Amino acid sequence: MLCSSWPARRPRSRPARAALLLAAALASLPSPAAANGVFPSADQLVFDPADPARAVARMTYGLLTTQDGGASWRWICEGAVGYDDTGGQAPPIAAAAGGRVLAALGDGLVVGAEGGCAWTGAEELAGKAVVDLSVRQGDPSHAVAVAAGDRPVLWASRDGGASWARAGTPLPAGFQARTVDVAPSDPQRVYVSGLESAGGSVKGALARSIDGGETWETATVPGSTTSREPYIAGVDPLDADVLYVRIASAPGRLFVSTDGGASFTSAFETQGFVRAFAISPDGATVAVGSDVDGVFRAPSSTLAFERVSGIAPRCFAWTEAGLYACASEFLDGFTIGLSLDGGATFEPLLQQACLGGPLECAASTAVGALCASDWPRIALMTGHKDCTPDAGSPAAGSGASATATATASGAGGAGGATAVSGGGGASADSGAGAGGEPGVPGGGAAPSAAGGCGCGAAGAGAGWAGVVAVAGLAAAIARRRAAGRAPSTPIA
């Protein structure tokens, strides 16, 4: 597999801007941007398979939900879902049949219903550390989850997460699970990535089952160790033997297997982390994103990647509407955006200052009872303001500041027009985009910044939270440079 050579000019403006603001931010701000010390951002996005206008985004301060294709967003606090932000948890999420949202927690699996207002634990998994979960693309009634233990156990649901049962036999002894996915084209094909102890050493590994978990085979993922753990990025929607695995480290790497995980070929390398990945529904195009080098796109037949955008994506979700991305708002102008041209440009759908407040729920529900009291903290953290068009928000020009322009000749090429959900995300890559073939009402046109959120990028970045976020990015870049990590080289 080949990866094209890097562009002659790297986007050095990002760290330069961050460095200029670092001193001012540290001097003027007495406290971190969030109570848990994590800068506010999104890192996973899933769509309701039955209603493409409904989506849920995992944030560093809970969940956000939209029911109108991204025109407005509401907040669901972590306490209502069942976890505590002080622990730095980022539960993998997935959208399943019946409008359910599933979340994997350290002490079980919870199911969100009633539009996200009510959250209940799955009795079968109570007290178990659920490491990851996934909903099978094309069949949202079929979900899988993996629970940690001396021998991890696969669990499966055939009713959209309403009930669960153990599937097959435990994974091999000494295997520590990290991510799980089920092949869209074969419900019996299940993949689990993790670490495997063998011969006195620990290496990254992939476990594969071709019979729904009854038997397992494992293979080593090259270049992976305890400090460079392997995460499933996605499985080809049409070929169960083709899957992609990313390495969670910097420099980041993406591997592809065409024989069901028996062997791997290096497909892509970046100076930063590989945080975002997606596959088009026909399997013809893949997109990968780095927090340092930007967005790259390639035909899956050659994996000859070209750089098409300079944004710093944290997640992808590819649907019929186009390629969605989570981005660094205070550098790229949006937190969630939609691209209609395969990642070359993005229209902002979410800017955090424009959040509409907590999701409106009955007081008898978890959200109604818990979230209102914590909203003032979130409002302060995000620089909350009235973003309706008649409120005088600086919507004009937001497209220019929030849209990343293409830097390669492939702008608007393959993969931008018709697509279904693909893989991508943070620690739960298999969950992002899971659950069918969503789109945006009205032929897939994205709500504009003025008609939806209405906040311009400049307005969103003017608050103190934005300066802190930039300072954090600058500090991270400084640490990376101090560690002496050299830029990556093309893969031959």
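Accessible areas come from the Shrake-Rupley method with a 1.4 Å probe, and for residues only the protein chains shown count as cover. By this method, the protein you see above has an accessible surface of about 17,100 Å², and 55% of that belongs to carbon and sulfur atoms. The model is a predicted one, where local features need pLDDT of at least 70, side-chain atom pairs count only at pLDDT 80 or more, and totals for chains, interfaces and linings use all residues. Residues are numbered from 1 along each chain as its sequence is written, and side-chain values use heavy atoms, leaving out hydrogens and water.

Let's start with the whole protein. Of its 492 residues, 58% count as buried (under 20% relative accessible area; exposed is over 50%, partly exposed in between, with a 1.4 Å probe and protein chains only). The protein has 8 helices and 28 strands, which are DSSP runs numbered from the N terminus (helices H or I, at least four residues; strands E, at least two).

Now find the open sheet with 4 strands in the order β1-β2-β3-β4, paired antiparallel; two strands pair if DSSP finds at least two bridges between them. β1 (42-47) and β4 (74-76) stand at the edges with a single partner strand each, so one side of each has no neighbour in the sheet. β1 pairs with β2 (residues 55-59) over 5 bridges, and Val-46 stands opposite Val-56 in β2.

Next, look at helix α5 (residues 375-382), whose buried residues are Trp-375, Ile-378, Ala-379, Met-381 and Thr-382. Seen down the axis of α5, they fall within an arc of 165°, so they line one face of the helix; the arc is that of the directions from the helix axis to the C-beta atoms. The face turned away from the buried side of α5 carries the exposed residues Pro-376 and Leu-380.
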